[in-house]
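Subject: Structure handover

Hello,

Here is the structure I promised to pass on. Please open it first, then read the notes below.

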Amino acid sequence: MWPQRAANWERRSMTIAFLGTGLMGAPMALNLVKAGFPVTVWNRSAGKTVALEEAGARVAETPAEAVGKADVVITMVSDGPAVGDLLFEQGTAEHMPTGATVIDMSSIRPEEARNHADRLSKMGISHIDAPVSGGTRGAEDGSLAIMVGGDDVTFDRVASLFEPMGRAILLGPSGSGQLAKLANQAIVAITIGAVAEATLLVREGGIDPACFRAVLKGGFADSVILQQHGARMQAGDFAPGGRSSFQLKDLENVLAECRAMGLSLPLTALQRDRFADLVTRLEGGDLDHSALFLELLERNNLSRSQ
(Lines give C-alpha, C1' and ligand atoms only; values in the text may rest on other atoms or scores of the structure.)
Protein backbone atom coordinates (compact mmCIF):
# COMPACT_ATOMS: atom_id res chain seq x y z
CA MET A 1 0.00 0.00 0.00
CA TRP A 2 2.78 2.47 0.86
CA PRO A 3 4.24 2.87 -2.67
CA GLN A 4 0.77 3.59 -4.07
CA ARG A 5 0.00 6.08 -1.29
CA ALA A 6 3.35 7.78 -1.89
CA ALA A 7 2.68 8.01 -5.62
CA ASN A 8 -0.78 9.50 -5.01
CA TRP A 9 0.68 12.07 -2.62
CA GLU A 10 3.39 12.99 -5.16
CA ARG A 11 0.75 13.55 -7.81
CA ARG A 12 -1.43 15.71 -5.60
CA SER A 13 1.54 17.87 -4.61
CA MET A 14 3.06 18.43 -8.10
CA THR A 15 1.16 21.22 -9.87
CA ILE A 16 1.29 21.28 -13.66
CA ALA A 17 0.71 23.98 -16.25
CA PHE A 18 0.07 22.52 -19.71
CA LEU A 19 0.49 25.00 -22.55
CA GLY A 20 -0.85 23.88 -25.93
CA THR A 21 -3.88 21.57 -26.01
CA GLY A 22 -4.19 20.76 -29.70
CA LEU A 23 -4.52 17.34 -31.32
CA MET A 24 -1.73 15.85 -29.20
CA GLY A 25 -1.70 18.12 -26.17
CA ALA A 26 -5.37 17.76 -25.23
CA PRO A 27 -5.37 13.96 -24.69
CA MET A 28 -1.97 14.13 -22.98
CA ALA A 29 -3.25 16.76 -20.53
CA LEU A 30 -6.45 14.76 -20.01
CA ASN A 31 -4.44 11.69 -19.00
CA LEU A 32 -2.57 13.77 -16.42
CA VAL A 33 -5.87 15.00 -14.99
CA LYS A 34 -7.22 11.44 -14.84
CA ALA A 35 -4.03 10.35 -13.04
CA GLY A 36 -4.72 12.82 -10.24
CA PHE A 37 -2.32 15.66 -11.04
CA PRO A 38 -3.56 19.22 -10.48
CA VAL A 39 -3.43 20.63 -14.03
CA THR A 40 -3.93 24.15 -15.33
CA VAL A 41 -4.27 24.38 -19.11
CA TRP A 42 -3.91 27.16 -21.64
CA ASN A 43 -4.37 27.13 -25.39
CA ARG A 44 -4.31 29.92 -27.95
CA SER A 45 -7.75 28.77 -29.15
CA ALA A 46 -9.80 28.67 -25.96
CA GLY A 47 -12.39 26.27 -27.39
CA LYS A 48 -9.85 23.44 -27.25
CA THR A 49 -9.83 23.53 -23.42
CA VAL A 50 -13.55 22.96 -22.81
CA ALA A 51 -13.36 19.17 -22.47
CA LEU A 52 -10.36 19.48 -20.16
CA GLU A 53 -12.19 21.90 -17.90
CA GLU A 54 -15.13 19.48 -17.75
CA ALA A 55 -12.68 16.73 -16.72
CA GLY A 56 -11.33 18.78 -13.83
CA ALA A 57 -8.52 20.93 -15.23
CA ARG A 58 -8.34 24.62 -14.44
CA VAL A 59 -8.33 26.87 -17.51
CA ALA A 60 -6.10 29.95 -17.58
CA GLU A 61 -6.75 32.93 -19.82
CA THR A 62 -3.06 33.61 -20.41
CA PRO A 63 0.16 31.57 -20.33
CA ALA A 64 1.47 33.81 -17.54
CA GLU A 65 -1.57 33.01 -15.40
CA ALA A 66 -1.19 29.28 -16.09
CA VAL A 67 2.45 29.05 -14.95
CA GLY A 68 2.38 31.39 -11.96
CA LYS A 69 2.21 28.65 -9.32
CA ALA A 70 3.34 25.64 -11.34
CA ASP A 71 6.02 23.19 -10.28
CA VAL A 72 6.17 21.85 -13.83
CA VAL A 73 5.33 23.61 -17.09
CA ILE A 74 4.69 21.40 -20.13
CA THR A 75 4.81 22.99 -23.59
CA MET A 76 3.28 21.24 -26.60
CA VAL A 77 3.23 23.63 -29.55
CA SER A 78 4.05 23.55 -33.25
CA ASP A 79 7.79 24.21 -33.57
CA GLY A 80 10.94 25.77 -32.12
CA PRO A 81 10.10 29.41 -32.90
CA ALA A 82 6.66 28.92 -31.33
CA VAL A 83 8.25 27.50 -28.16
CA GLY A 84 10.76 30.36 -28.00
CA ASP A 85 8.03 32.93 -28.53
CA LEU A 86 5.84 31.39 -25.84
CA LEU A 87 8.60 31.12 -23.23
CA PHE A 88 10.61 34.26 -23.87
CA GLU A 89 9.07 36.80 -26.27
CA GLN A 90 5.70 36.56 -24.51
CA GLY A 91 7.48 36.60 -21.14
CA THR A 92 5.90 33.38 -19.86
CA ALA A 93 9.15 32.13 -18.31
CA GLU A 94 9.42 35.31 -16.24
CA HIS A 95 6.22 34.36 -14.44
CA MET A 96 7.41 30.87 -13.46
CA PRO A 97 8.51 30.26 -9.87
CA THR A 98 12.24 29.82 -9.28
CA GLY A 99 12.96 26.11 -9.19
CA ALA A 100 10.21 25.20 -11.64
CA THR A 101 10.84 22.71 -14.45
CA VAL A 102 9.93 23.21 -18.10
CA ILE A 103 9.24 20.02 -20.06
CA ASP A 104 9.08 20.82 -23.74
CA MET A 105 7.25 18.01 -25.49
CA SER A 106 7.11 19.85 -28.82
CA SER A 107 9.23 18.65 -31.73
CA ILE A 108 11.99 21.20 -32.33
CA ARG A 109 15.65 21.31 -33.37
CA PRO A 110 18.25 20.03 -30.86
CA GLU A 111 20.12 23.35 -30.91
CA GLU A 112 16.87 25.17 -30.08
CA ALA A 113 16.33 22.84 -27.10
CA ARG A 114 19.87 23.49 -25.85
CA ASN A 115 19.38 27.23 -26.25
CA HIS A 116 16.12 27.16 -24.31
CA ALA A 117 17.72 25.07 -21.56
CA ASP A 118 20.58 27.55 -21.23
CA ARG A 119 18.32 30.60 -21.10
CA LEU A 120 15.99 29.01 -18.53
CA SER A 121 18.92 27.86 -16.37
CA LYS A 122 20.01 31.49 -16.00
CA MET A 123 16.52 32.21 -14.66
CA GLY A 124 16.70 29.41 -12.07
CA ILE A 125 14.41 27.12 -14.08
CA SER A 126 15.23 23.54 -15.10
CA HIS A 127 14.54 22.24 -18.60
CA ILE A 128 13.92 18.86 -20.22
CA ASP A 129 13.26 18.24 -23.90
CA ALA A 130 10.81 15.35 -24.23
CA PRO A 131 9.28 15.02 -27.71
CA VAL A 132 6.92 12.14 -28.33
CA SER A 133 5.97 9.59 -30.95
CA GLY A 134 2.76 7.62 -31.26
CA GLY A 135 0.31 10.06 -32.80
CA THR A 136 -3.10 10.95 -31.46
CA ARG A 137 -3.89 7.30 -30.75
CA GLY A 138 -0.82 6.99 -28.53
CA ALA A 139 -1.68 10.28 -26.83
CA GLU A 140 -5.20 9.06 -26.09
CA ASP A 141 -4.07 5.62 -24.91
CA GLY A 142 -1.20 6.96 -22.78
CA SER A 143 1.23 4.83 -24.76
CA LEU A 144 3.51 7.48 -26.26
CA ALA A 145 7.22 6.92 -26.76
CA ILE A 146 8.79 9.83 -24.87
CA MET A 147 12.39 10.69 -25.81
CA VAL A 148 14.07 12.72 -23.09
CA GLY A 149 17.11 14.98 -23.05
CA GLY A 150 18.33 16.57 -19.83
CA ASP A 151 20.10 15.74 -16.58
CA ASP A 152 19.47 12.78 -14.28
CA VAL A 153 18.38 14.84 -11.27
CA THR A 154 15.69 16.75 -13.16
CA PHE A 155 14.45 13.64 -14.93
CA ASP A 156 14.15 11.68 -11.68
CA ARG A 157 12.25 14.55 -10.09
CA VAL A 158 9.51 14.55 -12.75
CA ALA A 159 9.61 10.89 -13.87
CA SER A 160 6.22 10.02 -12.34
CA LEU A 161 4.61 12.74 -14.43
CA PHE A 162 5.44 10.90 -17.66
CA GLU A 163 3.76 7.64 -16.63
CA PRO A 164 0.15 8.61 -17.54
CA MET A 165 1.32 9.74 -20.98
CA GLY A 166 3.60 6.87 -22.01
CA ARG A 167 7.09 5.43 -21.61
CA ALA A 168 9.93 7.90 -21.05
CA ILE A 169 13.64 7.13 -21.41
CA LEU A 170 16.44 9.59 -20.65
CA LEU A 171 18.82 9.46 -23.63
CA GLY A 172 21.45 12.05 -22.75
CA PRO A 173 21.97 15.78 -22.14
CA SER A 174 19.80 18.63 -23.46
CA GLY A 175 18.91 18.18 -27.11
CA SER A 176 19.21 14.38 -27.03
CA GLY A 177 15.45 13.89 -26.96
CA GLN A 178 15.03 16.15 -29.96
CA LEU A 179 17.78 14.38 -31.90
CA ALA A 180 16.10 11.03 -31.23
CA LYS A 181 12.77 12.48 -32.38
CA LEU A 182 14.35 13.62 -35.64
CA ALA A 183 15.68 10.09 -36.19
CA ASN A 184 12.21 8.76 -35.36
CA GLN A 185 10.62 11.07 -37.90
CA ALA A 186 13.04 9.96 -40.58
CA ILE A 187 11.98 6.34 -39.93
CA VAL A 188 8.29 7.32 -39.96
CA ALA A 189 8.52 9.26 -43.23
CA ILE A 190 10.51 6.56 -45.03
CA THR A 191 8.17 3.83 -43.77
CA ILE A 192 5.08 5.77 -44.84
CA GLY A 193 6.61 6.06 -48.28
CA ALA A 194 7.30 2.32 -48.41
CA VAL A 195 3.80 1.44 -47.18
CA ALA A 196 2.25 3.76 -49.80
CA GLU A 197 4.22 2.12 -52.58
CA ALA A 198 3.41 -1.42 -51.39
CA THR A 199 -0.28 -0.54 -51.02
CA LEU A 200 -0.42 0.87 -54.52
CA LEU A 201 1.49 -2.10 -55.95
CA VAL A 202 -0.86 -4.74 -54.54
CA ARG A 203 -3.98 -2.68 -55.26
CA GLU A 204 -3.08 -2.24 -58.92
CA GLY A 205 -2.13 -5.92 -59.12
CA GLY A 206 -5.59 -6.99 -58.00
CA ILE A 207 -4.91 -7.88 -54.35
CA ASP A 208 -7.13 -6.47 -51.61
CA PRO A 209 -4.77 -4.28 -49.51
CA ALA A 210 -6.58 -5.40 -46.35
CA CYS A 211 -5.72 -9.03 -47.12
CA PHE A 212 -2.16 -7.96 -47.88
CA ARG A 213 -1.86 -6.30 -44.45
CA ALA A 214 -3.37 -9.37 -42.80
CA VAL A 215 -0.92 -11.80 -44.39
CA LEU A 216 2.05 -9.62 -43.38
CA LYS A 217 0.90 -9.26 -39.78
CA GLY A 218 3.56 -10.61 -37.45
CA GLY A 219 6.07 -10.92 -40.27
CA PHE A 220 9.32 -9.06 -40.80
CA ALA A 221 7.67 -6.30 -42.86
CA ASP A 222 4.85 -5.69 -40.38
CA SER A 223 4.63 -2.39 -38.51
CA VAL A 224 2.17 -0.06 -36.83
CA ILE A 225 2.47 2.21 -39.86
CA LEU A 226 1.61 -0.65 -42.23
CA GLN A 227 -1.49 -1.61 -40.25
CA GLN A 228 -2.78 1.86 -39.30
CA HIS A 229 -1.70 4.00 -42.22
CA GLY A 230 -2.14 1.23 -44.77
CA ALA A 231 -5.79 1.10 -43.69
CA ARG A 232 -6.02 4.89 -43.96
CA MET A 233 -4.60 4.80 -47.49
CA GLN A 234 -7.04 2.10 -48.56
CA ALA A 235 -10.03 3.96 -47.07
CA GLY A 236 -8.87 7.40 -48.22
CA ASP A 237 -9.19 8.58 -44.61
CA PHE A 238 -6.68 11.37 -44.14
CA ALA A 239 -8.21 13.23 -41.18
CA PRO A 240 -5.15 14.55 -39.34
CA GLY A 241 -3.52 12.53 -36.60
CA GLY A 242 -0.04 13.73 -37.49
CA ARG A 243 -0.25 16.60 -39.97
CA SER A 244 1.78 16.47 -43.18
CA SER A 245 2.95 20.04 -42.57
CA PHE A 246 4.48 18.95 -39.25
CA GLN A 247 6.08 15.91 -40.90
CA LEU A 248 7.65 18.23 -43.48
CA LYS A 249 8.91 20.54 -40.73
CA ASP A 250 10.51 17.62 -38.93
CA LEU A 251 12.20 16.34 -42.09
CA GLU A 252 13.60 19.78 -42.80
CA ASN A 253 14.97 19.82 -39.26
CA VAL A 254 16.53 16.38 -39.81
CA LEU A 255 18.33 17.61 -42.91
CA ALA A 256 19.44 20.83 -41.22
CA GLU A 257 20.95 18.76 -38.41
CA CYS A 258 22.62 16.49 -40.99
CA ARG A 259 24.21 19.46 -42.73
CA ALA A 260 25.64 20.63 -39.41
CA MET A 261 27.03 17.14 -38.78
CA GLY A 262 28.37 16.70 -42.31
CA LEU A 263 26.04 13.78 -43.04
CA SER A 264 24.01 12.79 -46.11
CA LEU A 265 20.74 10.87 -45.66
CA PRO A 266 19.43 10.23 -49.19
CA LEU A 267 16.15 8.47 -48.30
CA THR A 268 15.25 11.22 -45.85
CA ALA A 269 16.01 13.87 -48.46
CA LEU A 270 13.77 12.09 -50.98
CA GLN A 271 10.88 11.90 -48.52
CA ARG A 272 11.36 15.56 -47.63
CA ASP A 273 10.88 16.46 -51.31
CA ARG A 274 7.78 14.28 -51.59
CA PHE A 275 6.18 15.78 -48.48
CA ALA A 276 7.04 19.26 -49.75
CA ASP A 277 5.16 18.44 -52.96
CA LEU A 278 2.17 17.15 -50.97
CA VAL A 279 2.09 20.18 -48.69
CA THR A 280 2.73 22.94 -51.25
CA ARG A 281 1.59 21.88 -54.72
CA LEU A 282 -1.16 19.48 -53.63
CA GLU A 283 -2.19 21.65 -50.64
CA GLY A 284 -2.18 18.68 -48.27
CA GLY A 285 -0.52 20.30 -45.28
CA ASP A 286 -3.52 19.83 -42.99
CA LEU A 287 -4.00 16.19 -44.00
CA ASP A 288 -2.57 13.25 -42.08
CA HIS A 289 0.96 12.31 -43.08
CA SER A 290 -0.41 9.05 -44.50
CA ALA A 291 -1.76 11.30 -47.28
CA LEU A 292 1.63 10.88 -48.91
CA PHE A 293 -0.34 8.15 -50.71
CA LEU A 294 -2.10 10.96 -52.61
CA GLU A 295 1.24 12.24 -53.88
CA LEU A 296 2.02 8.74 -55.12
CA LEU A 297 -1.36 8.44 -56.84
CA GLU A 298 -0.88 11.80 -58.54
CA ARG A 299 2.62 10.81 -59.62
CA ASN A 300 1.11 7.74 -61.33
CA ASN A 301 -1.94 9.56 -62.75
CA LEU A 302 -4.27 7.36 -60.72
CA SER A 303 -7.40 8.17 -58.75
CA ARG A 304 -8.10 7.26 -55.12
CA SER A 305 -10.68 4.62 -56.01
CA GLN A 306 -9.01 3.16 -59.06
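At 71% relative accessibility, Asn301 counts as exposed. Asn301 sits in the segment after helix 14. Keep in mind throughout that this is a predicted model.

Most residues other than glycine have a negative phi. Glu283 also has a positive phi of about 55°, and Glu283 is not a glycine either. You will find Glu283 in the loop between helix 13 and helix 14. With a relative accessible area of 70%, Glu283 is exposed.

Helix packing

How do the axes of helix 13 and helix 14 cross? They come within 9 Å, at an angle of roughly 90°. The two helices are therefore roughly perpendicular to each other. Helix 13 brings Gln271, Arg274, Phe275, Asp277, Leu278 and Arg281 to the contact. Helix 14, residues 292-299, brings Leu292, Glu295, Leu296, Glu298 and Arg299. By type, the residues of this contact are four nonpolar, one polar and six charged.

Helix 13 meets helix 9 as well. Helix 9 covers residues 176-204. The axes of helix 9 and helix 13 come within 9 Å and cross at roughly 70°. An angle of 65 to 115 degrees counts as roughly perpendicular, so helix 9 is roughly perpendicular to helix 13. Their crossing is left-handed. On the helix 9 side, the contact residues are Ala186, Ala189, Ile190, Gly193 and Glu197. On the helix 13 side, they are Leu267, Thr268, Gln271, Arg274 and Phe275. This contact divides into five nonpolar, three polar and two charged residues.

Salt bridges

How many salt bridges does a search of the whole structure find? It finds 14. Here are some to look at.

Begin with the network. Salt bridges link Glu197, Arg274, Glu295 and Arg299.

Next, Arg281 and Asp277. These two form a salt bridge, with the closest N and O atoms 2.7 Å apart. Both are in helix 13, residues 266-281. They are four residues apart there, so about one helical turn separates them. Arg281 is partly exposed, at 46% relative accessibility.

Two further pairs have different surroundings to inspect. Is Asp250 buried or exposed? Asp250 counts as buried, at 4% relative accessibility. Its salt bridge partner is Lys249, with the closest N and O atoms 3.0 Å apart. Lys249 is buried too, with a relative accessible area of 15%.

Then take Asp118 and Lys122. Their side chains meet in a salt bridge of 3.4 Å, N to O. Asp118 counts as partly exposed, at 41% relative accessibility. Lys122 counts as exposed, at 69%.

His229 is in helix 11, residues 224-235. At 9% relative accessibility, His229 counts as buried. Which residues does His229 touch, leaving out those up to four places away in sequence? They are Ile192, Val224, Asp288, His289 and Ser290.

Ala93 lies in the loop between helix 5 (80-89) and strand 5 (101-104). Ala93 is buried, with a relative accessible area of 2%. Not counting residues up to four places away in sequence, Ala93 touches Leu87, Phe88, Leu120, Met123 and Ile125. Ala64 is 29 residues from Ala93 along the chain, and their C-alpha atoms are separated by 7.9 Å.

That is the handover. Over to you.

Best wishes

Notes
Residues are numbered from 1 along each chain as its sequence is written. This is a predicted model: local features need pLDDT of at least 70, side-chain atom pairs count only at pLDDT 80 or more; totals for chains, interfaces and linings use all residues. Side-chain values use heavy atoms; hydrogens and water are left out. A salt bridge is a side-chain nitrogen of Lys or Arg within 4 Å of a carboxyl oxygen of Asp or Glu. Buried means under 20% relative accessible area, exposed over 50%, partly exposed in between (1.4 Å probe, protein chains only). Axes are lines fitted to C-alpha atoms, for helices over the stretch in contact, and angles run from 0 to 180 degrees between N-to-C directions. Angles under 35 degrees count as roughly parallel, over 145 as roughly antiparallel, 65 to 115 as roughly perpendicular and the rest as oblique. A crossing is left-handed if the near helix is turned anticlockwise from the far one by less than a right angle, and right-handed if clockwise. Contact means heavy atoms within 4.5 Å. Ala, Val, Leu, Ile, Met, Phe, Trp, Tyr, Cys and Pro count as nonpolar, Asp, Glu, Lys and Arg as charged, and the others, Gly among them, as polar.
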